[in-house]
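State the cut-offs behind each term.

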Amino acid sequence: MINFKRVNKWYGSYHALNDVTAEVARGEVIVVCGPSGSGKSTLIRTVNRLEDIQNGTIEFGGKDVNSPVLDINKFRSHVGFVFQSFNLFPHLSVAENIMLAPMSVQKKKKSDARQRAAQLLERVGLASKADSYPGQLSGGQQQRVAIARALAMDPPAMLFDEPTSALDPEMVGEVLQVMKSLARDGMTMMCVTHEMNFAREVADRVWFMDNGCLVESGNPDTFFSNPQSDRAKKFLSDLRTH
């Protein structure tokens, strides 16, 4: 479903992505991990062109993401993206946040969008919060609303950019539970996360990045018990120390 071929990205002289070649199959859950500044978030943000690349190609569902004829807004509406900092509209209720894109982009009727929002809030365990405002919710609840909002467009794939790193530790679990249920239902997912237990339990494959390079890709059992690169061995050893 997602195909990276020799992808390169620079910020000035800084080489943020270095010849990344990899594939995400339909229904696969990929966890992208690595030290800070390794290019994880940059990589995931290139998939829906929140970051442009200078070399290489990225295909999503067979379409070239960087094609000059791509309707970028239409394309983005098919890619669910969950940010670190929720990015909910504070002046809209929870239900209105979820209804906004289906009504404005897909031209759904308000009653249908409201019904779908109710279903999605039920799914993320927040059925009673439809008429609350983001400021009345905890961080974990806001992030679950953000996931419901992304799902409202029925995307074929979901991208998560460190979805739990802005949360207090006791709220992390509630967000990971929702992500686990999506994985069980066969959603194609790319997740940048530091939650290694989530990677161990849910990922089909773990991608380890360092200095803009995809250093290692393997199933979680192999990656955690027998990493191939010295850099991954050091990363895991440092995690265990912490």
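How do the residues of the lining of the largest pocket divide into nonpolar, polar and charged? They divide into 10 nonpolar, 7 polar and 2 charged. Here Ala, Val, Leu, Ile, Met, Phe, Trp, Tyr, Cys and Pro count as nonpolar, Asp, Glu, Lys and Arg as charged, and the others, Gly among them, as polar.

The model is predicted: local features need pLDDT of at least 70, side-chain atom pairs count only at pLDDT 80 or more, and totals for chains, interfaces and linings use all residues. Residues are numbered from 1 along each chain as its sequence is written, and side-chain values use heavy atoms, with hydrogens and water left out.

**Pockets**

The largest pocket holds about 540 Å³ of space. Its lining has 19 residues, and R76, S77, A101, R149 and M153 are the closest to its centre. The most comes from α3, with 4 residues. Helices (H or I, at least four residues) and strands (E, at least two) are DSSP runs, numbered from the N terminus.

A pocket is an open set of points on a 1 Å grid over the protein atoms alone, where a 1.4 Å probe fits, with protein on both sides within 12 Å along at least five of seven lines; lining residues have an atom within 4 Å of a point. Grid points are joined across faces, edges and corners, and a volume is the space filled by probe spheres set on the points.

The second largest pocket holds about 210 Å³. Its lining has 5 nonpolar, 2 polar and 5 charged residues. Among them are M1, R26, F60, K63, D71, K74 and D154.

F60 sits in strand β4 (residues 55–60). Its relative accessibility is 6%, so F60 counts as buried. Buried means under 20% relative accessible area, exposed over 50%, and partly exposed in between (1.4 Å probe, protein chains only). Leaving out residues up to four places away in sequence, F60 touches M1, I2, V47, V65, F75, H78, V79, P156 and A157. Contact means heavy atoms within 4.5 Å. F86 is 26 residues from F60 along the chain, and their C-alpha atoms are separated by 24 Å.

**Salt bridges**

The whole structure has 12 salt bridges. Each is a side-chain nitrogen of Lys or Arg within 4 Å of a carboxyl oxygen of Asp or Glu.

| Pair | Distance |
|---|---|
| R6 and D19 | 2.9 Å |
| R205 and E28 | 2.8 Å |
| R231 and D210 | 3.0 Å |

R6 is exposed at 53% relative accessibility. D19 is partly exposed at 34%.

R205 and E28 link distant parts of the chain, 177 residues apart. R205 is in strand β9 (residues 205–210), and E28 is in the loop between β2 and β3 (29–33). R205 is partly exposed at 23%, whereas E28 is buried at 13%.

R231 belongs to helix α9 (residues 230–241) and D210 to strand β9, so this pair joins parts 21 residues apart in sequence. R231 is partly exposed at 28%. D210 is buried at 13%.

What links K9, R45 and E51? A network of salt bridges does.
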